[in-house]
Amino acid sequence: MAPPSEGGADALLPDLPKGPLQAYRSRASFCWKELALFLEGEDVLRLKKTIFSTLENDPLFAHSHGEELCLEKCRELSFLRCQRLLELSFLSMEDMVASPLLVQTLIACLGMYDWSLGLKFLLHMLTFGSAIYSSGSERHLKYLPKIFNMEIFGCFAVTELSHGSNAKAVRTTAHYDPTTEEFIIHTPDFEAAKFWVGNMGKTATHAVVFAQLYTPGGQCHGLHSFVVQIRDPKTLLPMPGVMVGDMGKKLGLNGVDNGFAMFHKVRIPRQDLLNRTGDVTPEGTYVTPFKDDKQRFGASLGTLSFGRVTIVGMSIVNLKLAVSIALRFSATRCQFGPTDGEEVPVLEYQMQQWRLLPYLAAIYALDHFSKSLFLDVAELQQGLAGADHGARQAELGREIHALASAGKPLASWTAQRGIQECREACGGHGYLAVNRLGDLRNDNDPNCTYEGDNNVLLQQTSSYLLSLLARHIQGGARVESPLRTVDFLEAYPDILGRRFTCPSVDSCLDSAVPLAAYEWLVCYLLRESHQKLTQEKRSGSNDFEARNNSQVYYCRPLALAFLELTVVRRFHEYTHQPHVPPGLRAVLGRLSALYALWSLSQHTALLYQGGYFSGERAGKMIQNAILDLCSKLKDDAVALVDVIAPPDFVLDSPIGRADGELYKNLWTAVLLESKVLERPSWWAEFSIRKPRMGSLKSKL
């Protein structure tokens, strides 16, 4: 289709190179530039173009193809590149506060290039910097200019050697000494060492350290965060009382120096307590603006939620790259055909469509959810910065915590499965390192683990939902939340009485159908989880045992189904809003329906088990609707990839280049970027030392 007449899109989105992919591009039902402009807006597209062109034209960011970098060189390059990014200053502090989505865009662009760089920058500027901004007060603003000009370099230290997901149980202590007005940061033993902390290994000079706060008299006030200097910025030598080191090579992301630290009675000024949710007076009295610990904890959850929400976006970036590579490959890789002399692109095969297109739909749905949740977190942090300590603010913190705790597992697992599917869908070529799918798989893998193990985090979400139901049952409280993600539960009994009634496959091709099914599924799993917990307690189990025995088939799927429902609902509402351009409505509607039906189909057994489905017709209808949507989206697939794929320099995959010259690009990469035609460097030595057959026989 012809591009839109707006000069903005043409200026910000240059035409793609002609080549074999043009056959699919010419069959697209929409203009890819119009969709990119609608989804992103000019400000985001302009920032993307600036970042990508800067990286491509700066020699420091040149790719080192064919060269295996040692660990120390990986660390050095990431640090130097991070330093260069801060010099370039793509976003000012004011930009970050005023336009949160530009912050997310910057993270995504850097991650598309290299997640080691993206994470190093993120951990310093946003995780460390955001923690100080959102958890501190005016007295901590002095640190922000130093962060921006790299006078100090930061990290975020929660996890310990013996405690990861159970953050409440970390054992680092901060005892207040009123005689000197200092906190004494101490690691009681090696199991309480801060561990896995990104940037801490070699380069961080300061850390936001989470520790149990004690006031004189020995009263513990729970987990609080402190700014602690761990190295001298001029020498990078450890500060007195601090033992800090690097953890070594990992499976991926080796440009990030994950490290450990132990503190031996390290004294810091009282003012270095990040005091947004609680403070200590010079005399040693603990004060908090919140009425109770529950409200204080709810408000503090926003800091932890930021990291998890960021990982949602990181996972989607990895999936975007993998699907872009696999679909461009599939549109140009021809194998077999209806006659011996004819071969067709593998994208024409229903199996390839079914393997890849649901992940393409997932990208669009999850990307919208990620952006909206990022804005929700920004609202929470702005409320904290404005000293909003009301009940709504605390409830917003709890709701975002529940969404982030399930969002990270859903996004990282979807990316994990999707990247593997893309790797296999590209056959042997997908296994070649230069095509990047292996690196994407390794770099995405820790998203399933850090900032909380996925399966453990899901318990946070199910507990949130069960607490709402308990309040409703016991006291008749309305089921509602600031973001309205749980408001549908007010109709809980009526929803449980619904049944699947679609008369045909065509009637299933709107995401309103799976949306209704998801509401029933969440209500069903909520009821079943509540009943299971009640049954366990009646059988003599304590709270811990009851929860432990209710996870696998009850609370875990409840949390995932609730988050999938939230993603489906937000994307459905977005794609069905009145101001969607007419030329984009059909393709966006199909993406919304495909993601919703494909996700729902993974719960088919539960839908039958609970009675929402009955007879084989319902299940077959969902399957046929999925295949029908894949077929309808097949000709749009390449154009949909053009919307999400970065420039070739950043995508950095010969089989995923925008010109579609699959074999030419791959052949060039193999010949020019590796030493395939050279004799092995070890051959000369081997030929001298190898035993002769005659001497070997005489020995035998």
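Predicted model: local features only at pLDDT ≥ 70, side-chain atom pairs only at ≥ 80, totals over all residues.
Residues are numbered from 1 along each chain as its sequence is written, and side-chain values use heavy atoms, leaving out hydrogens and water.

Stop 1: Show the loop between α13 (437-444) and α14 (454-475), where E451 lies. Helices here are DSSP runs of H or I with at least four residues, strands are runs of E with at least two, and both are numbered from the N terminus. Not counting residues up to four places away in sequence, E451 touches L304, G307, R308, I311, K408 and L457.

**Stop 2: helix α5.** Select residues 71-88. This helix has 18 residues and reaches 26 Å from its first C-alpha to its last, close to the 26 Å expected at 1.5 Å a residue. The expected span is 1.5 Å times one less than the number of residues. Colour the buried positions of α5: C74, R75, L77, S78, R81, C82, L85 and L86. They pack against α4 (42-57), α7 (100-113), α8 (115-135), α9 (143-148) and β7 (242-246). Then step to S89, which follows α5 and has a positive phi, near 50°.

**Stop 3: the largest cavity.** Centre on M96, V97, S130, Y133 and Q381, which lie nearest the centre of the largest cavity among its 19 lining residues. A cavity is a set of points on a 1 Å grid over the protein atoms alone where a 1.4 Å probe fits but cannot get out; lining residues have an atom within 4 Å of a point. This one holds about 380 Å³ of space. What classes make up its lining? There are 15 nonpolar, four polar and no charged residues. At least two lining residues come from each of α6 (93-98), α7, α8, α9 and α11 (350-385).

**Stop 4: W667.** Jump to helix α24 (residues 662-672), which contains W667. At 58% relative accessibility, W667 counts as exposed. Finish with a C-alpha to C-alpha distance: W667 and P654 are 8.8 Å apart in space and 13 residues apart in sequence.

Notes:
Contact = heavy atoms within 4.5 Å. Buried < 20%, exposed > 50% of the residue type's maximum accessible area, 1.4 Å probe, protein only. 1 Å grid on protein atoms, 1.4 Å probe; cavity = no way out; pocket = protein on both sides within 12 Å on 5 of 7 lines; lining within 4 Å. Points joined across faces, edges and corners; volume = space filled by probe spheres on them. Nonpolar A, V, L, I, M, F, W, Y, C, P; charged D, E, K, R; others polar.
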